[in-house]
Amino acid sequence: ARQVRGLCGTYNGNQQDEFTTPAGDVETGVAAFANKYRASGECPALGPLPPEPCDAFAGRRELAEAACAVLHGTPFQ
């Protein structure tokens, strides 16, 4: 039988084992599961909550607010 593993899940119809780690254990949370597949030291570890984009990209808040203002403008109402 073919077996799929990794970040895409197991694709076997059993949702209980989708977060199977490389070591074969099953994580219950997305962040803990993703951290098991991290390339050592290449990426920062994920926390229990999604990262705050404005903290990750200092100095970009003004650009983001300007872009969002366009979406909240009259043409999109």
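Predicted model: local features only at pLDDT ≥ 70, side-chain atom pairs only at ≥ 80, totals over all residues.
Residues are numbered from 1 along each chain as its sequence is written, and side-chain values use heavy atoms, with hydrogens and water left out.

Side chains of opposite charge can pair when their charged atoms come close. The structure holds two salt bridges, a salt bridge being a side-chain nitrogen of Lys or Arg within 4 Å of a carboxyl oxygen of Asp or Glu. In one of them, Lys-36 pairs with Asp-25, and the closest N and O atoms are 3.5 Å apart. Lys-36 lies in helix α1 and Asp-25 in the segment before α1, so this pair ties together parts that are 11 residues apart in sequence. Lys-36 also meets the side chain of Glu-27 in a salt bridge, at 3.1 Å from N to O. Asp-25 counts as partly exposed at 32% relative accessibility, whereas Glu-27 is buried, with a relative accessible area of 19%. Through shared partners, the salt bridges join Asp-25, Glu-27 and Lys-36 into one network.

Leaving aside neighbours within four places in sequence, Pro-22 is in contact with Arg-5, Lys-36 and Tyr-37, where contact means heavy atoms within 4.5 Å. Pro-22 lies in the segment before α1 and counts as partly exposed, at 45% relative accessibility. From Pro-22 to Cys-8 the C-alpha to C-alpha distance is 12 Å, and the two are 14 residues apart in sequence.

Asp-17 also has its place in the segment before α1, a helix that covers residues 30-36. Is Asp-17 buried or exposed? Asp-17 is buried, because its relative accessible area is 16%. Its side chain makes a polar contact with the side chain of Asn-12 at 2.9 Å. A polar contact is a pair of N or O atoms within 3.5 Å; within protein, one must be able to donate a hydrogen and the other to accept it, and residues adjacent in sequence count only if both atoms are side-chain atoms. Not counting residues up to four places away in sequence, Asp-17 touches Thr-10, Asn-12 and Val-26.

Now to the other end of the helix list. Val-70 lies in helix α3, which covers residues 61-71, and is exposed, with a relative accessible area of 52%. Together with Leu-71 and Phe-76, Val-70 forms a nonpolar patch on the surface, with about 320 Å² of accessible area in total. Such patches are made of residues with over 30% relative accessible area and no salt bridge; like charges are joined within 9 Å, and nonpolar side chains (Val, Leu, Ile, Met, Phe, Trp, Tyr) within 5 Å. Accessible areas come from the Shrake-Rupley method with a 1.4 Å probe, and for residues, only the protein chains shown count as cover.

Finally, the whole chain. There are three helices and zero strands; helices (H or I, at least four residues) and strands (E, at least two) are DSSP runs, numbered from the N terminus. Of the 77 residues, 13% count as buried.

Notes. Buried < 20%, exposed > 50% of the residue type's maximum accessible area, 1.4 Å probe, protein only.
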